[in-house]
Amino acid sequence: MTEKFLIDQIILYLGTFKRFGGKHNEVLAYKCLEQLRALKGLKDAEEATDYLIMKMEGAMAA
């Protein structure tokens, strides 16, 4: 999976979780976050979250 796909999936699952709730969406978002962490070689979930936020801010600025 590519970085863009994983970021899109995380946004999708978190948006669905915010709207409808459900443990399933939360778990899927975390799994994608872990895959992104492994793909980019980040240390932990906190670094992966920071990376995700940085990428989202960059996309919003463009």
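The model is predicted: local features need pLDDT of at least 70, side-chain atom pairs count only at pLDDT 80 or more, and totals for chains, interfaces and linings use all residues. Residues are numbered from 1 along each chain as its sequence is written, and side-chain values use heavy atoms, with hydrogens and water left out.

Helices are DSSP runs of H or I with at least four residues, numbered from the N terminus. Helix α2 covers residues 23–40. The expected span of a helix is 1.5 Å times one less than its number of residues. For the 18 residues of α2 this gives 26 Å, and the end C-alpha atoms are 26 Å apart, so the two values agree.

Buried means under 20% relative accessible area, exposed over 50%, and partly exposed in between (1.4 Å probe, protein chains only). The buried residues of α2 are Asn25, Ala29, Cys32, Leu33 and Leu36. Seen down the axis, they fall within an arc of 105° and so line one face of the helix; the arc is that of the directions from the helix axis to the C-beta atoms. The face turned away from this buried side carries exposed Lys23, His24 and Ala38. Just after α2, glycine 41 has a positive phi of about 70°.

| Residue | Relative accessible area | Class |
|---|---|---|
| Asparagine 25 | 13% | buried |
| Methionine 56 | 32% | partly exposed |

Beyond its neighbours within four places in sequence, asparagine 25 is in contact (heavy atoms within 4.5 Å) with Tyr13, Thr16 and Phe17. Methionine 56 lies in helix α3, residues 45–61. Its C-alpha atom is separated by 9.8 Å from that of aspartate 8, 48 residues apart along the chain.

Key: Helix = DSSP H or I, 4+ residues; strand = E, 2+ residues; numbered from the N terminus.
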